[in-house]
Every structure is written in structure tokens, then in C-alpha cells.
Amino acid sequence: MKQINFTLNGKPVSLELQGQESLLTVIRIYLEQTGTKYGCGLGECGACTVLIDNEAVRSCMILAEDIEGKEIISIEGLSSDGELHPIQKAFISHDALQCGFCTSGMIMNAYGFLLQNPNPSREKIIVGMESNLCRCGAYNRIVDAIETAGKEMPKKVKL
Amino acid sequence: MKSAIKSEAAYSRRRFIKNLGGGVVVVFCLGEVSFSSLFAQDGQPLEELDFNAYLRVKEDGRIDCFTGKIEMGQGIITSLAQVVAEELEVSIYDVDMIMGDTELCPYDAGTWGSLTTRFIDPVLRAAAAEAREVLLDLAAEHFGMNKTSLEVIQGVVSVKNDSSKKITYAELSKGKKIVRSLTKKPELKKAKDFKLIGKPIRSLDAEAKVTGKAKYSGDIFLPGMVHATIVRPEVFGSKKVKVDASKLSDFAGVQLVEKDDLVAVVHSDPEVSQRAAKSIKIAWEAPIAKANQETIFQYLEDTIQDNKVFESEGSLQLGEETSKVYRKATYHDGYKAHASIETHVATCYFEGDKVTIWASTQSPFGTRSSVAKALQMPLEKVHVKQIFLGGGFGGKSNSQQSIEAATIAKLCGKPVQLVWSRKEEFMYDNFRTAAVVKVAGGTDNNGKLKVWDFDIYCAGTRGTELFYAIPNKRIRSFNQAGVHPFGTGAWRAPGNNTTTFARESHIDVVAHAAGMNPLDFRLNNLENKEMIATLQLAAKTFGYDKEKKPGHGYGIALGQDAGTLVAMIAEVFVDKETGEVQPIRIVCSQDMGQVVNPHGATLQTEGGITMGIGYALYEEIEFNGGEMKTTNFNRYEITRFSKTPKIECVFIDKMDAKPQGGGEPAIICVGAAIANAIFDACGARVYRMPITPERILDALS
Ligand code: FES
Ligand code: FES
């Protein structure tokens, strides 16, 4: 067992862990932030996507020992002071979801993507989002939402 | 079966009456036969059997609407609130939907078959209309005036022409406990008076979902809860022979649970319980493999003998003789998974002899009775709670994971969460069946269909009634229990995807053989006027006569499902070198009667089409007998962003008609529309779904 320190949504966290646990378990189960979802456990679906140091990653594929000192953002950390993030707003206004189970992962992946690609074209969005799966088939609306958010989102990096 | 449902419903009623709070409550009781007759001109008198729905105008003026249906992304949490708000004359934001809780909601068999809008909408509208009348009566009494001189706007009753006299629903229902049960046909609003029905309303649950706050079954954590991992065999249907759990002592705090073939470990940390489960070695006795994904079709044809004639007219022989063009073909469709992004999950706890369960299920009441039966408990000792579902598509209709979780909870004496892994999901999903359809069809010199012979193996007959005028025809359905190497079940519009693929592909085959274009050929043979109008709307919206770019093709498919007529036209691009297909554009025209929420109906249609691209082009379960080779998304490609075409949905305008199904119909046409478009683009006729690049190249050579 070892002490692992990191921040989740801006708050410092320190956990006694074995190190081989997945970041998904750390976030969902140990820290009870259940917005991040399990869909496949093998990096294939993107439902578990979070940001580590502003880069979108699949938390099911990250080991707890590799998050020492990192800044992690999950869906719960996206809105600030009760105000929804532009990506969340755009997902609502475009109704870019149905069952909602892929939604957190979609939004987090879109966030990571938009931080690196401000105001992207549709083609670029599709490439950037390609490995996130939505069985309900909300893809076209998700692209619309990201396009809108890309215009709205302040260029400066949040947090 | 019927009496079982009745007694379950009666139990619901007793429970409901016991729990009744204050306010104005309308209980809606309708017989099974008459509940769709609300829209009929001369509906029969309504018998009081049991109630199908109820709603309560609470003392704070908010409305609780109770239904046994569940929300899994199909948007009824929004569209049902919409019809209640319409009839009750309140804001849609004042309606709270309470869904699928077996102790609060009326009995419901399950959320499937695109039934909700068709059958629950009228019921809720009637209940809401009645509640409005009750409130108007109260207001009339309050003002000492006739009801006809009052009007309601947004939950406020006022005296017409005297805006100073008003009273809210909240004030009217305060301190009251009025229970009304509907016995007569209520006055429903006419389409011309609709304020909300027919208006696009965005999903009411979107904010909860974009913030991660929406709770699914796996998001419930209970004090002292343990995470269960079940040790599974590699082959479906295996029987346990011997268990070696000797390595379990390496894992502190792990508990072993065993009952019949169920072997599981539990621990408060899911990572520990998963590792511990891996240390258990079980010797299994596996059933012998009889087929794999290539041999299954021949196996089904050889094995199944029993058939039922579903539709028959004229003489097939005469039809063949009078045909100038006669074509036979056999169509194949492999097993498909539901592949919801949320796997099967159940979280449960026992309190004394009663179990409470949050389960990802399309049938909370079915789960209640299955768990009660499996654990030999009375029905009232099982409580299934309302929860969001991360997709269903027919795949969450049985209760295996709930029975497993409840069994484990009972044995280990702790609250339990069971989350199936994706691999378990690909083993215990009740797959859409592999199927074979043998078709023969012929036309005379005028391009009129003369004969149609349609033998369906394993896909059933849903939606196969012919809407083409054909004098000589026979539709038979071949089926046999237990022929499949693993579980099979309903998959979004059960069977209809496969049979529509076969029928509409073959219509094109015959049309081309007769030298006619597929649009004219269909119009030449359709007898259903509504289908003709639906197809014409699709063709016009699509611009079917527009010139195609090189390598592009157009494909049409027609179908019917859940009372809705569908006409779809697809445009694809096929790379002849690689056989890769790029879906470009799909137009879907539907006659679905009254469209309650056009926005919601559009979402469902887009979703169905997007999902349908997957079964048409990519999805196929690989297996050898009960041994699944497909264990995760890396071997089960579903539609992705880049393969989603531009989608346009149009609806036939019919606001006064009865609403029809919306969640399933559109998907049925995708296979054939794509197959026909591929043929049009490159000349490859592929008779088997998924239509992979390999199969296209094969067909071309
Ligand atoms: S759960 Fe991590 S990618 Fe699917
Ligand atoms: S909204 Fe259901 S999986 Fe995307």
C-alpha cells in the first residue's frame, strides 16, 4: 500500500492504495463520483473519459499509481458556481443525448479536444470524437453541440 | 398468465390505496381491450378492471404522474409529462414523472414494443382530463359559479371576463383528499386546441445527464455494500463440476458465495472481488458446439421443421406460371448484441425478509416477480425502484442480474452491487437471433407482382403482412425452441429488421430483373394508400430523381412496425477497391399517426437509424457453439461518429389520429435501404448482413 496524492475537480485527495487499481474505480467507487461510467473496461467505449492535466484519457485504462501529483477533472467538476459549462449547455440545447450513459464521457472527451482545438470544423470534431461510442445514436447532435460549444467556449483554459 | 397479471395489478392497487396521500388523485381504470378505444368514434363503455395509470395534483400544485414504464433514453419522461400537462392545463415543468417503482406505480408488463406512446398516452391524457374536470368542479363551487364560465391557464382557474377572480390548483387541492376513478370516456382535447402536444419539447432529463447527476443502478451506494463478481464459464450453458477456491485465502475480507451453478465472491472493493474471482478455478462441463457464425444458417434450416402459415392466398404455382420474371434468393442475418453502453446492473439490500432492488431493467414488475419466484418470496417482499437505464433496446427485458444480485445478497447477508462486465454482457445478452429468409417473387409483363413466397426461419412475423398487392402469396414462419447456442430475445423491433431486409432487398432484385426502377416498381405494386403517401414524401424530401455522384447509390426500403409506416431512402458511397461503404444521407418518412413530441420522435428516429447502420454494415457475434469469441467492442463494431450519415426525418401530418410507435419503426428499414443503395452504387447484391467489405468484394467478383 502506498499514499497517492492528486486533485479531483480542484480538491486535493490523498488515498492509501495498492497502486494497481484503475482510476475509474478510484473515482467512481472510492470517491463516489458516479458521473464517470463503466462501459467496457478496456478502453474501447470512452464512457469513463476524464481529464488528466487537461488531456482526455480513459480512466479504466489508467492505474492509480500513475496519477500521483496529477490534476483530474471529471464531469462533476465541469460546471462552476452552479453555472453549466458551455459544452453542457450545448448538449442540452442540441439534445445531444438519449439514455445519457455515454454523455459524461462524450462531454469530457469533447472538453479535452476543444482545449486543444478551439473552434474546430465538423470534420475535425468527428476525428477527435471517433472512439467514443453512443449506442443510442446521438452522434450527429453531439457534433452539433461540440461545434456550438467550440464557438462559445472561452479560449482561455479553465481552472 | 392473464390471471397472474391481474393479481399483480390488484396487488399494486392495494399498495397504492394504502400509500395514498392528500390532494386530488385520479385513478384510471380501463379494460385491456378498451384502452386504445379512446380514440375510436364509438368506444365501448369502459369496464373497471384495474387501473393502468394515475396522477395526483398535490397540495403544492405540482403534479405527480405515476406509470410503470421506465425511461431508457426513449424520451417518455418528457412526452408523457407533455400529454399530462396538455390536458391538465399546467406547465410541463410542474409535472414530476414517477416511473417503474413497483410500490408506487401501477402494474406494467414492461417497456418494449413501442407501446408507451400508443397505450399509455391515451390513458394519461384521460386521467389528466378528468383531474382537470375535478379541479374545475372545485373552483366552480368556490366561486359559486357555473363551470362553463371558468377557464384554466397554467394551473390557475379564473373566471372568464373577470381576471380578478382566480384560484390556483394548489389552493384548490389543499387539505383535500379526493380520489376519482374514471368510469366514463373523458373529454379529450381536440388537436386544434393543443398547446403542447405536437410541439417540440427538449428532453426534461438532459440537465441531470450532462452534469453526471442522473442516477443509474450502479450509482447507488449502500452502507456496508459489497461488490460481487461471479465466476463464469467460457461456454454458455456450462454446468459446474468442481470448484477450487483454495487461493481465496490470499484475499483478506473476501467472502465466497455458492448456490447451484452460481459461484461468486464479494468484497467491499470491486477490484479485490474481481481479482479474487480470477483465483477461483472451476471445472465446467460444456455443451457440445453444434454451429458457429458461418454454419449456423444451414444448421437452422436443417434443424427446424415446424412451421406456421402466417398469410396465404391464391396459388404459388399459378403465380410462378403467370410471372414473366421470377427470382429466388436466400437472405441471412447473423446474431446481434444489444450492446447498450450500460451493462446489466443490480444493486440491492435485504431488510428483514424484504429486498429492495435498483436494477437496469425494462420490466420492473417482471423483475419483481422473477426475483420473488427465484428466491421463493412473496411478491410484496420484493421492491424494484425507479432508476434511469443506460439503454435497453429489448436487451434489458429479463431479470438475470437481479436474481443473481438478490441471491448473493441473501447468502452473504450484505447489500450487494453486481455490475456485469462487458464480457459477461456479450455472453448473457439475449441476442437478436440469427435468421434465414427464403424468398421467391415474380412479376408479369406490366411489372405487377404475381407471386410472393416468404419462408422465415427464427425472425418471426412481426411487420411481415404484405402491403404490396400480390394475388398469390404465402408467408411461413419456422421456429423451434432451444435451437440457438445461447440466449436470444427481443432486439429493437424484434425480427422486423431481418424480414424487412429480406423483403425489401428482394423487391429490388425483382424490380431490377423486370427492368424497372425500384421507386416506380414499388409505387406500381403498393395497395396501401398511406404507404404510397409515405413513400412519396420520402422520395420528394430525398430528391430521388437527382443525379448521383460517381460511386454513389440510392436505396429504398419500406416497412411497418408498431402501427407506424416507414419509407426510407439511403445514399451511400462504395469504394469498389476496398468494399468500404460510407453512408452519406438517409431520409426517413413516417406515418406514425399523431406525433406528440416531434422533437422526441425525431431523436428516436435518428437514434434508430444510427443504430441500424451498425447491424446493416458491421455487427455480428462470432462464436463456436456457446463459446463467445466476441467479448468486447474491439470485436463488435457498432456505428461510430464517422459512419453516421446526415439524417432527415419527416412525418405525415395527422394530429387528430391515434399516436403510433416511435422508438422502433425507423430502424427496420436501414438494412435493406443500405443493401439496395450498395447495389445501386456498385452492382454488388449482398444477401447477408452485416454487409461487410469482404462480402461486397465477393459479390463483385
Ligand atoms: S469503460 Fe473505459 S473506455 Fe469503456
Ligand atoms: S445517449 Fe445512450 S449511449 Fe449515448
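How many residues does the contact take from chain B, and how many from chain A?

1. The contact takes 50 residues from chain A and 59 residues from chain B, where contact means heavy atoms within 4.5 Å. The structure is a predicted model, in which local features need pLDDT of at least 70 and side-chain atom pairs count only at pLDDT 80 or more, while totals for chains, interfaces and linings use all residues. Residues are numbered from 1 along each chain as its sequence is written, chains are lettered from A and ligands numbered from 1 in the order in which they are written, and side-chain values use heavy atoms, with hydrogens and water left out.

2. Between chain B and chain A the buried area is about 4,400 Å², and carbon and sulfur atoms give 58% of it; buried area here is the accessible area (1.4 Å probe) that two parts lose on being put together, summed over both. Val210(B), Ile341(B) and Phe641(B) supply 20% of the area that chain B buries against chain A, which is more than any other three residues supply.

3. Polar and charged pairs also cross this interface. The rule finds 26 residue pairs in polar contact between chain B and chain A, both residues being at pLDDT 80 or more; a polar contact is a pair of N or O atoms within 3.5 Å, where within protein one must be able to donate a hydrogen and the other to accept it, and residues adjacent in sequence count only if both atoms are side-chain atoms. There are also 4 salt bridges across the interface, a salt bridge being a side-chain nitrogen of Lys or Arg within 4 Å of a carboxyl oxygen of Asp or Glu. In one salt bridge, the side chain of Glu619(B) meets that of Arg135(A) at 2.7 Å, N to O.

4. On the side of chain B that touches chain A, at least two residues each come from helix 5 (206-210), helix 6 (270-278), helix 15 (598-617) and strand 28 (646-651) of chain B. Helices (H or I, at least four residues) and strands (E, at least two) are DSSP runs, numbered from the N terminus. Helix 15 of chain B gives the most to this side, with 8 residues. By class, the side has 23 nonpolar, 22 polar and 14 charged residues, with Ala, Val, Leu, Ile, Met, Phe, Trp, Tyr, Cys and Pro counted as nonpolar, Asp, Glu, Lys and Arg as charged, and the others, Gly among them, as polar.

5. Chain A is itself divided into domain 1 (2-77) and domain 2 (86-156), with bounds that come from an automatic or database domain assignment. Taken over C-alpha atoms, the centres of the two domains of chain A are separated by 21 Å. In chain A, 17 residues of domain 1 are in contact with 14 residues of domain 2, and the two domains bury about 1,200 Å² between them, 61% of it on carbon and sulfur atoms. Thr49(A), Leu51(A) and Ile75(A) supply 34% of the area that domain 1 buries against domain 2, more than any other three residues.

6. Between these domains of chain A the count of salt bridges is 0, whereas 5 residue pairs are in polar contact, both residues at pLDDT 80 or more. Strand 3 (49-52) and strand 4 (55-58) of chain A are the elements that give two or more residues to the side of domain 1 that touches domain 2. The residues of that side divide into 8 nonpolar, 5 polar and 4 charged.

7. Over all chains, a search of the whole structure finds 52 salt bridges. Among them, Glu65(A) pairs with Lys2(A), the closest N and O atoms being 3.3 Å apart. This pair links distant parts of the chain, 63 residues apart, with Glu65(A) in the loop between strand 4 and strand 5 (71-73) of chain A and Lys2(A) in strand 1 (residues 2-8) of chain A.

8. In chain B, the side chains of Arg522(B) and Asp508(B) meet in a salt bridge (2.8 Å, N to O). Arg522(B) lies in helix 13 (residues 518-525) and Asp508(B) in helix 12 (residues 496-513) of chain B, so the pair ties together parts that are 14 residues apart in sequence. Both Arg522(B) and Asp508(B) are buried, buried meaning under 20% relative accessible area, exposed over 50%, and partly exposed in between (1.4 Å probe, protein chains only).
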